[in-house]
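New page in the notebook.

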Amino acid sequence: MAFEPPQRLVRALGESVPDADDWVDKLPDTAGQAVALRELTVERVQVPGGRSSLVVLVRRPDGTPAVLKLVPPRSRPESERAALAHWDGRGAVQLLEPFVTEGVLLLERLHPDVSVRSLPEAKALLEAAGTLRRLWVEPPGDHVFETVAERTGRQADAMRGASAEVAGLVSAALDARESLLAAPPEERLLHGTFRQSKVLSGTRAPWLAVGPDPVVGECAFDLARLVRDRVEDLIATPSGAATTRRRVKRLAESLEVDQERLRGWTLFRAVESGVRALRVGRPRDAELLLEFAGWL
């Protein structure tokens, strides 16, 4: 079978990964070798798939459905593997093999076309938040996960080169980050890139998280990305700003996170994403994100 990477993946990697062309060019051979090594039967490549990996629906030699995931080095596949192993299926997709193949993960098959995002908004937020709570555990004592301070430090450096038209928002976001890092309230293993589309329907549990980019830090950082889910819908409604503020309050209360800390990390992450969208030539996404950030 030809392992043709979905165009969504090719475009996204082209924006964010300097050596993406080399990885994509080698992908058919890499996928073929991974399938042969595990004696898998291929059903199909998941389309449109994700923005940072190739997902192939397969069956194991005993007929069990599974997912073969191939991840470029820049997306930290071994960090994802370590987090999934630590969660061991609690709130997250189950890792199916103990041995390590660089950049290749064999995972439990969920229902790839059914995410929490398919639910009505209020129900989706409730189910997503409940899933996220299960992931917030003590990190392993010998962990090598990136910290929130390290990840946002890199992001802050990139933000400082933004254009003058967004300088006010960038300054506010950087000030918020500095204040938040001064006294973090806890240290947990976090999903890192959590949103509604990262929560899929499962068989052994109603909803399970996929696709972590794990990081260690405070819970409010993880929850912040969920606040802006369906941002295009928020921007399209006259009450979007008020709805956003209510969402911050509701999520903070339901997950026992400080509301001001959640607001601060939501601001930082929205501005960072907006500035990055400008940098890679996605002006419409940038406009939505920066308008949302202005409400905070």
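I looked up arginine 269 and found it over the face of phenylalanine 221, 4.2 Å from the ring centre (a charge counts as over a ring if NZ of Lys or CZ of Arg is within 6 Å of the ring centre and within 35 degrees of the ring normal). I keep in mind that this is a predicted model, where local features need pLDDT of at least 70, side-chain atom pairs count only at pLDDT 80 or more, and totals for chains, interfaces and linings use all residues. Residues are numbered from 1 along each chain as its sequence is written, and side-chain values use heavy atoms, with hydrogens and water left out.

Next I counted 3 aromatic pairs (rings of Phe, Tyr and Trp, its six-membered ring, with centres within 6.5 Å; planes under 30 degrees apart are stacked, over 60 edge-to-face, the rest tilted). Phenylalanine 221 and tryptophan 265 make an edge-to-face pair, because their ring centres are 5.2 Å apart and their planes stand at 90 degrees. The pair links distant parts of the chain, 44 residues apart: phenylalanine 221 is in helix H7 (residues 219–227) and tryptophan 265 in helix H10 (residues 259–279) (helices are DSSP runs of H or I, at least four residues, numbered from the N terminus). I noted both residues, phenylalanine 221 and tryptophan 265, as buried (under 20% relative accessible area, 1.4 Å probe, protein chains only). Ring pairs also join Phe221, Trp265 and Phe268 into a cluster.

Terms used:
Helices (H or I, at least four residues) and strands (E, at least two) are DSSP runs, numbered from the N terminus. Buried means under 20% relative accessible area, exposed over 50%, partly exposed in between (1.4 Å probe, protein chains only).
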